[in-house]
Structure formats: structure tokens, C-alpha cells
Amino acid sequence: MDERSIGHFEFPILGRAYFLGGRASTSVKKALREAGVDDDTVQRVAVACYEAEMNVVLHARSGYVSVDVYPSRVDVAISDHGPGIADVTKAMTPGWSSASDEARALGFGAGMGLPNIKQQSDLMSLESEPGQGVVLRLTFYRGGGNGAGS
Amino acid sequence: MTLARAIEIVKADTIVAPPNGQVELSGCFAADLMSDVLAFARSGALLITGLTSDQTVRTAMIKHLPAVLIIEGKDVGVEMVEAAREQEIAVFRTPLSKFEACGLLMQAGLRAARRSGAYPA
């Protein structure tokens with residue numbers, strides 16, 4: 001039987017609002033800490049969320065991050081309304097990027113976002129609908145995860 | 001090494017003071033790409049960077065990095081200062097280049113706070 005969620009929260013992400021980029025992820029981090037999730041898991045979720053949030057800020061019109069805490073795992077979904085990802089395989093290649101100079105000026109857009117997210121999470125799935133948007137689903141096992149957060 | 005000692009070595013100005021007084025650094029990580037910081041920095045490190053944006057402070061917060069050292073005497077905008085106060089991240093500024101700042105700190109015994117591994121292929 002699947003576990004019941006013991007905590008749920010959502011935060012909006014505004015596309016092109018560069019100066020707000022990272023706000024949703026810092027809120028996720030605080031909420032997970034308050035929910036008593038271990039440091040390594042909090043760190044991995046926060047890093048993955050931050051990269052995903054910057055993808056939304058840099059490429060999409062709007063989006064949101066939704067987090068569910070379970071006794072043994074944390075599930076995260078980041079959904080956006082935007083152009084989608086034309087070639088997911090290319091986007092997963094370290095160093096490949098379609099980001100603007102503006103993105104690069106913020107220290108992002110180096111083509112490391114999705115590879116970084118993959119490294120931090122235990123399960124990752126990416127659904128892209130060209131012209132509609134992207135849904136990124138991530139699972140992080142609490143404690144005894146992949147250790148990427150330490 | 002304490003944060004105070006590191007700041008003294010690189011002759012840095014304090015832009016936002018550390019909220020919790022004395023801080024012991026786990027080491028140091030230097031990068032301008034925030035994705036590299038997110039992927040590889042270890043918590044507790046001093047972040048040396050040339051990137052003066054809110055993103056620098058939020059990245060430090062996400063990675064548990066207590067302090068940011070801005071190089072080349074760059075201007076630090078009010079947005080970054082406000083974000084640093086909000087997230088309780090200390091910010092300093094040195095007139096030195098990144099290479100010089102890193103070199104002096106390593107010579108004084110501060111070590112790389114870098115996670116092992118590489119980006120997944």
C-alpha cells in the first residue's frame with residue numbers, strides 16, 4: 001500500500017522574474033526543515049528545486065513547485081507553462097544549453113541544470129509537451145539516499 | 001580556519017556581517033557558475049565568486065554556505081545585500097582577483113570544500 005502524504009506544500013514560480021529566481025526553492029527548503037526532514041534530503045531537494053526553478057524562470061511563462069512529504073520519501077513536481085523542451089536527450093547532456101546571455105549573467109544557463117537535478121534525485125521523470133510546458137517529477141528517498149547532498 | 005581569519009588574509013571589507021559571530025569554515029569553493037556550486041560545493045564553505053547577484057546569496061543559502069567573498073572589488077547591489085540579510089549569509093568584498101584570493105587562502109591552510117564525483121554523463 002502506498003504511504004500517505006504527511007505534508008504538502010506548493011509555491012508559485014514567475015517566468016522571467018529573474019530577481020525572484022530561487023525564492024520558491026528557499027521556501028521549499030525552510031518548509032522541509034520545519035517538517036523534520038533530514039539535512040541530506042533537504043539539501044538534495046533544495047538543490048534540485050533551485051535548478052528546476054531557474055529553468056522555469058529562464059524559459060517559461062509561469063509554473064509552480066509542489067512538494068509531498070512521506071515517511072520514507074519526498075516527492076516533488078515542478079510544472080510550467082512554456083515552450084517545452086524540444087529535445088530532452090540534448091537537454092540532459094552536460095554543457096548543452098539554450099539559455100540566453102541574461103541567464104548566463106545570473107550564473108546559470110551553463111547546461112548543467114538537468115544533469116544536476118538527475119544527480120541529486122533518486123528518481124526523475126520529465127514530460128515535455130512542445131508549446132505547452134514541462135512537468136518534472138522527482139523522488140528523494142529520506143535518509144540513506146544517494147548522498148549527493150552532503 | 002575561522003571566517004574572520006580568512007577575511008583578514010584577503011583584506012576584505014564587510015558588506016553584510018555574519019549573523020552568528022564566529023564561524024569555522026569547512027573549506028573553500030570558488031566559482032562563477034552557480035550550477036557548479038550547487039553540484040559540487042560542500043556545506044560550511046566560503047564561496048569565492050565574481051557573480052554579484054541575488055542568485056549568489058540564494059545559492060549559498062541552499063548549499064549551507066555561511067559566507068560569500070566577492071572578488072575584484074566589484075559593486076554589490078542593494079538587492080544582493082537585502083537578500084543576504086534575509087537569508088543570513090555574510091558578504092565580503094576583496095580587491096584581489098579570484099586567483100590571488102584562492103592562492104593566499106590555500107597558502108594559509110584553507111582547503112577545497114568540494115564533493116567528489118562529476119556530472120553524470
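How many residues of chain B are in contact with chain A, and with how many residues of chain A? In this predicted model, 20 residues of chain B are in contact with 22 residues of chain A.

## The side of chain B that touches chain A

Three helices of chain B, namely H2 (34-40), H3 (54-62) and H4 (78-87), each supply at least two residues of the side that touches chain A. H3(B) gives the most to this side, with six residues. By class, the side of chain B that touches chain A is made up of ten nonpolar, six polar and four charged residues.

## Helix H3 of chain B

H3(B) is mostly covered, since nine of its nine residues are buried. The buried residues are B:Asp54, B:Gln55, B:Thr56, B:Val57, B:Arg58, B:Thr59, B:Ala60, B:Met61 and B:Ile62.

In chain A they are helix H1 (23-34) and H2, and in chain B they are H2, strand S3 (45-49), strand S4 (67-70) and H4. Just after H3(B), B:His64 takes a positive phi of about 60°.

## Overall form of chain B

The secondary structure of chain B comprises five helices and five strands. From the N terminus on, these elements follow the order α-β-β-α-β-α-β-α-β-α. Chain B has a radius of gyration of 13 Å, close to the 14 Å that the globule rule gives for 121 residues, so it is as compact as a globular protein of that length.

The C-alpha trace of chain B spans about 40 × 30 × 25 Å along its principal axes. Of the 121 residues of this chain, 49% count as buried. Among contacts in chain B between residues at least 6 apart in sequence, 57% join residues at least 24 apart.

Strand S2 (residues 27-30) of chain B pairs with S3(B) in the parallel sense, over four bridges. Within this pairing, B:Cys28 stands opposite B:Leu46 in S3(B). The chain passes from S2(B) through H2(B) to S3(B), and this β-α-β crossover is right-handed.

## The nonpolar core

Which residues touch the most other members of the largest nonpolar core? The core has 81 residues, and those with the most contacts to other members are A:Val45, B:Cys28, B:Leu46, B:Leu47 and B:Leu69. Helix H2 (residues 39-59) of chain A contributes the largest share of this core, twelve residues. In soluble globular proteins, nonpolar side chains tend to be buried together.

Leaving aside residues up to four places away in sequence, B:Cys28 touches B:Ala45, B:Leu46, B:Ile48, B:Leu105, B:Leu110, B:Ala112 and B:Ala113.

## Positive phi angles in loops of chain B

Most residues other than glycine have a negative phi. B:Lys11 is not a glycine, yet it has a positive phi of about 50°. This residue lies in the loop between helix H1 (3-9) and strand S1 (13-16) of chain B. B:Lys11 is exposed, because 12 other C-beta atoms lie within 10 Å and the cut-off for exposure is 12 or fewer.

B:Glu88, also not a glycine, has a positive phi of about 60°. Its place is in the loop between H4 and strand S5 (90-93) of chain B. B:Glu88 counts as partly exposed, with 14 C-beta neighbours inside 10 Å.

Is A:Asn55 buried or exposed? A:Asn55, which is placed in helix H2 of chain A, counts as buried because it has 27 C-beta neighbours inside 10 Å, and 20 or more are required. A:Asn55 and A:Asp80 are 25 residues apart in sequence and, C-alpha to C-alpha, 9.5 Å apart in space.

A:Ala86 is found in the loop between strand S3 (73-81) and helix H3 (88-91) of chain A. With 10 C-beta neighbours inside 10 Å, A:Ala86 counts as exposed. Between A:Ala86 and A:Gly109 the separation is 23 residues in sequence and 16 Å in space, C-alpha to C-alpha.

Definitions and conventions. Residues are numbered from 1 along each chain as its sequence is written. Chains are lettered from A and ligands numbered from 1 in the order in which they are written. This is a predicted model: local features need pLDDT of at least 70, side-chain atom pairs count only at pLDDT 80 or more; totals for chains, interfaces and linings use all residues. A nonpolar core is a set of buried Ala, Val, Leu, Ile, Met, Phe, Trp, Tyr and Cys residues joined through C-beta atoms within 7 Å. Two residues are in contact if their C-beta atoms, placed from the backbone, lie within 7 Å. The radius of gyration is taken over C-alpha atoms; the globule rule is 2.2 Å times the number of residues to the power 0.38. Ala, Val, Leu, Ile, Met, Phe, Trp, Tyr, Cys and Pro count as nonpolar, Asp, Glu, Lys and Arg as charged, and the others, Gly among them, as polar. Two strands pair if DSSP finds at least two bridges between them. A crossover is right-handed if, with the strands pointing away from the viewer, the path from the first strand over the helix to the second runs clockwise.
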